[in-house]
Amino acid sequence: MKISVPMHIQPFRENLWDAYLQQMKSMNVRRVFLASSIHEGHLPELEVYRKEALILKELIALFGGHGIEAAYWGNSIGHGGSLLTGAARRFQEVVGPEGKTASGVYCPLDPEFIAYVCQGYSLIAESGVDLLVLDDDFRLHLHAPEAPVGCFCPLHMEAMGQRIGREISREELAAAVLHGKPSLLRTQWLEVMGDSLLAFAGRLEKAVHAVNPAARLGLCAVMSHWSHEGITMDKLLQTLAGETRPFLRTIGAPYWSKESHHIGWIIAYTRLQQHWVKDTDVEIVAEGDTYPQSRFHCSAAMLHAFHQGLRAAGFPGLLSYSLHFSLSPELEDGYVSKISRQQAHYEAISAFCPEGYVSHGVQPVLVPYNMAHMTLPEAGSDFNLSWPDEPVVLQYLSRMGIPISYEDKQGAVVLTGSYAASLSDTELEALLRRGALIDGTAAHWLMARKIDIGITSLIPVEAPSFEQYTDPEVCGKYAGEYMWSVAGGDVSFFECELKAGAISVTEFMGLRYKRLFPGVIHYENANKQRFCLLPFDLASARYSKQLIYNYARQQQFASSLAWVNRNALYATMSGQPDVYMSCRVSPDSKRLVITVQNGSMDPIKNPQIQLNPEIQICSIIELLQHDQASAVQVEDFVYHRDEHFGYLEIKTEIPPMGFMGVAVINPWG
């Protein structure tokens, strides 16, 4: 894994270069991203860019002498917000759907603004820098609170009128494209947004390569790039790169973690973005941001866990925000100290889980650029339009001991919300042959597509009080137990009318355990497609504390996924909260690697992994324990199996926020 760090191009204390270099070397840093001193929105005279280019040229030589590459990291459209005091107002600013102006955020349809930014980047490129990276302000959404969605400035309104062949008001356009069912007008609006970004990217590419043909121009992603900027990431990256290799820093960082278990889904989301650009030869690095680079807000343990999870996934690069952006190096060295001490451990993970291994697990079907296909709430909803297709399913699976894979073409799939509604019948058929776990929202559009999922209707109902886990084959030792769902009115439940052959493996109950309506449903249709239907909307279920997050559901998920796929996942874990797992197999299938990250603040004592019963365990397994510098062969484990799973209990302990790797040799004999 190639490690990079960011720091300001003009640090607050330039006499401390030696200290910065020592910190970088202790973390095995191979590239430094030098963040521009030109704060977004301030629009200085071009002479300021010339001076910055001279500083950059000196630093390229300084770091190069120590074997460290230097890249330039700058702004473009602008974020808006806290750094804009005294900012200029020379160009057309972005306008939100309510007509509010986002100060210091500039529209890419303003030709004078484009010319200015291109001149600035051209001057920077003259330094001879090898890589220039646009910050994640290169976007038209998420400029909250004034402009959370799109640009409705006069320039964009004129472009929209030209696209549709008539004048349209901001009010009419916003009402039509930000609410209700998919429409041609929404598609056209997204295209206008995307075209303006793409044209800007093309101008920047030409400006940079006119003076420095070998330089690479890359991008820091933001959520809306994968959702509703109106252009695909592949096309945007290739337009910026020209004839050079594209560069991408993903979005999703340790500072997003407000709880210890959050790191699992952020790793899963980072891996998802890698999957989305798999057909492009792109250099990709993860966002190891600890914003604002203080352990008051993001712990060193969280950054460490991010390192571990990405190493275990074979991820190729990480931008690790471990240097404080303003304090002297010794005044916040918690990140550096943690990462430096773990270098041998990181190398051990990379050796234990090589890049060439293939991941196996359940596939959450998450199609990017999905806003065009979504039914959006009507006006007045508090729905988050700034990220309308947030992949909530990753937050569930990453806490439930269910390995996630975007490469496994044999495992079960998970269809939730409208994320897969744009797939063709052929694509959908190929996925459903593998067996599917679906939620109530996906059930609606699947039925509309004439897919037999085992029910004739879904009727919205009030939230139940309890769920009884009834089927012993699916629920195991939890059969007969009642789980208080703690589900408020924000969760969308549906009462389903079952077809012949459909069975409920749980039941929803009211107060005093009165049966209300079927719970989880299993069904196999005439085409041999198997479904596990959760009769509620999975996205809104986040407002329930125990509807998903409970031990019985954890076991039901593992069993239901095995049933729909006719084959158990290679590895799962039940009976432990907040477990993020990965499962990877060597190209010759002679080595199976399972990694476990404990997202709980409690230790996992003698962890038990549920295995596919066909996996064979010999007398020795390989074990890589938390923070250890090498793996060892161990015999101290217990293994048995039944008709459902194999059970591998390892005599060790995974500490809070800890890591464990297990390798099985010749798992299929």
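Is the crossing of α4 and α6 left-handed or right-handed? It is right-handed. Keep in mind that this is a predicted model.

Let me stay with that pair. Helix α4 covers residues 154-164, and helix α6 covers residues 184-211. Their axes lie 10 Å apart. The packing angle is about 125°. Angles from 65 to 115 degrees count as roughly perpendicular and those over 145 as roughly antiparallel, so α4 is oblique to α6.

Who makes the contact? From α4 come His156, Ala159, Met160, Arg163 and Ile164. From α6, the list includes Leu185, Trp189, Glu191 and Asp195. By class, this contact has seven nonpolar, three polar and three charged residues.

Now a second pair. Helix α8 runs over residues 262-276, helix α9 over residues 300-312. Their axes come within 10 Å and cross at roughly 45°. That angle makes α8 oblique to α9. The crossing of α8 and α9 is right-handed.

On the α8 side we have Ile263, Ile266, Ile267 and Thr270. On the α9 side we have Met302, Ala305, Phe306, Gly309 and Leu310.

Last topic: cavities. How many cavities of 30 Å³ or more are there? The count is seven. Take the second largest cavity. It holds about 100 Å³ of space. Its lining has 13 residues. Closest to its centre are Trp226, Trp276, Val367, Asp389 and Pro391. The lining of this cavity divides into 11 nonpolar, one polar and one charged residues.

Note on methods:
Residues are numbered from 1 along each chain as its sequence is written. This is a predicted model: local features need pLDDT of at least 70, side-chain atom pairs count only at pLDDT 80 or more; totals for chains, interfaces and linings use all residues. Side-chain values use heavy atoms; hydrogens and water are left out. Axes are lines fitted to C-alpha atoms, for helices over the stretch in contact, and angles run from 0 to 180 degrees between N-to-C directions. Helices (H or I, at least four residues) and strands (E, at least two) are DSSP runs, numbered from the N terminus. Angles under 35 degrees count as roughly parallel, over 145 as roughly antiparallel, 65 to 115 as roughly perpendicular and the rest as oblique. A crossing is left-handed if the near helix is turned anticlockwise from the far one by less than a right angle, and right-handed if clockwise. Contact means heavy atoms within 4.5 Å. Ala, Val, Leu, Ile, Met, Phe, Trp, Tyr, Cys and Pro count as nonpolar, Asp, Glu, Lys and Arg as charged, and the others, Gly among them, as polar. On a 1 Å grid over the protein atoms alone, a cavity is a set of points where a 1.4 Å probe fits but cannot get out, and a pocket is an open set with protein on both sides within 12 Å along at least five of seven lines; lining residues have an atom within 4 Å of a point. Grid points are joined across faces, edges and corners, and a volume is the space filled by probe spheres set on the points.
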